[in-house]
Amino acid sequence: MIFSEILIHWYSNNKRELPWRQTKDPYYIWLSEIILQQTQVKQGLPYYMSFTNTFPTVFDLAKADEEDVLKLWQGLGYYSRARNLHATAKYIADQLNGEFPDNYKDLLKLKGVGDYTASAIASICFNEVTAVVDGNVYRVLSRYFGIDTPINSSKGAKEFKALAQELIDKKNPAEFNQAIMEFGATQCKPKNPDCNICPYNKGCIAFNKKTINSLPVKIKSAKAKKKYFNFLVFISEDEKTVLEKREGKGIWQNLYQFPLIETNKNIDDKTLKTLIKAHGLIKGMPFELSLYNKDVVVHKLSHQHLYTKFWVVNVNKLLVEGIPINQIHNYAVPILIGNFIETFNF
């Protein structure tokens, strides 16, 4: 059997039953693909169910407030995906009368939709012969064909896309694309794949040359920058606190956080007290300061590591309009802040 026949046969016997595989509605396929970017199925599935239950149509998602969308997205990270999701929903609802583009070229024009997502929607919903290439596909193809071209290089992107396009089943592109992604996710896994039961093991170059663990090749990214965050958790006598909305570009855009003092190194309470006294939320008022987390919380993002401390600041009253502490769960916050709120038990 040829490559695609082996793959589709394997898929018919091994595929997981997932809700987005029960439909060809482009809205649901698009939702699943955006949610599953940088996210494993077991983590993304509850979010998919929440989104489809809360926003059963693209019109429902388009009408939603961005804060509600971000709140539902909370914990998935890469929040630009949620903002792009909302923007695209509004565009499709308002400009395209709720109809998704029916081809790869036009899908690619949507905000937040790249080559992979456009290929997935075009093939699954409209049977267009356009191959998907994601992390799973890179892994399968690099191992089977013994390709050591870095997958995060422009040369690698072109090479693997061309190869996937050559291999795709022209009569059944939807099944092929879903099969190769599933194969990479559950059989040709990143670590410790069971090559003895793999239907490709006789022809797999990486298996026969014992290079499974060294493929695919990826160019190492620049070392992550270290940042030092000191969040001020104000608590007033009338049980109010302060959350601030992050404006502008950068991480956590439009999400809420506690007032932040960023420093160039870890600091102690004595140093922070000096900085707080100059902060606009204090202005000479008496306050009590205590460190909540004795160990620094290291929150790792793709290009930076945040060394984080949460400082509880008790004051008689707030100098700004605060929010009742019992309403803090209503705000969309980064997972770093969300985890603190859960453990602090407001």
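Tutor: The account below turns to the pockets, then to the cavity and its cysteines, and then to a pair of residues in contact.

This is a predicted model, in which local features need pLDDT of at least 70 and side-chain atom pairs count only at pLDDT 80 or more, while totals for chains, interfaces and linings use all residues. Residues are numbered from 1 along each chain as its sequence is written, and side-chain values use heavy atoms, with hydrogens and water left out.

Rolling a probe the size of a water molecule over the atoms shows where empty space is left. On a 1 Å grid over the protein atoms alone, a pocket is an open set of points with protein on both sides within 12 Å along at least five of seven lines, a cavity is a set of points where a 1.4 Å probe fits but cannot get out, and lining residues have an atom within 4 Å of a point. Points are joined across faces, edges and corners, and a volume is the space filled by probe spheres set on them.

The largest pocket holds about 1,600 Å³ of space. Its lining has 40 residues, and Gln37, Gln38, Thr39, Gly135 and Asn136 are the closest to its centre. Helix 11 gives the largest share of this lining, six residues; among the other helices that supply at least two residues each are helix 2 (26–35), helix 3 (41–54) and helix 8 (115–126). Helices here are DSSP runs of H or I with at least four residues, and strands are runs of E with at least two, numbered from the N terminus. By class, the lining has 16 nonpolar, 14 polar and 10 charged residues, where Ala, Val, Leu, Ile, Met, Phe, Trp, Tyr, Cys and Pro count as nonpolar, Asp, Glu, Lys and Arg as charged, and the others, Gly among them, as polar.

The second largest pocket has a volume of about 520 Å³. Tyr78, Tyr79, Ile251, Trp252 and Leu301 are the closest to its centre among its 23 lining residues.

One cavity of 30 Å³ or more is present, and the largest cavity has a volume of about 130 Å³. Of its 15 lining residues, Phe183, Cys188, Cys198, Cys204 and Ile212 are the closest to the centre. Helix 9 (residues 135–145) gives the most to this lining, with three residues, and the lining comprises 11 nonpolar, two polar and two charged residues.

Cysteine 188 is buried at 12% relative accessible area, buried meaning under 20% with a 1.4 Å probe and protein chains only. A disulfide is a pair of cysteine sulfur atoms within 2.5 Å. The closest cysteine sulfur to that of cysteine 188 is in cysteine 198, 6.5 Å away and therefore too far for a bond. The count of disulfides is zero.

Asparagine 177 lies in helix 11 (residues 173–186) and is buried, with a relative accessible area of 0%. Its side chain reaches the backbone oxygen of threonine 130 at 3.0 Å. Threonine 130 sits in the loop between helix 8 and helix 9 and is buried as well, at 6%. The side chain of threonine 130 makes a polar contact with the side chain of serine 119 at 3.1 Å; such a contact is a pair of N or O atoms within 3.5 Å, and within protein one must be able to donate a hydrogen and the other to accept it, while residues adjacent in sequence count only if both atoms are side-chain atoms.

How values were computed
Buried means under 20% relative accessible area, exposed over 50%, partly exposed in between (1.4 Å probe, protein chains only).
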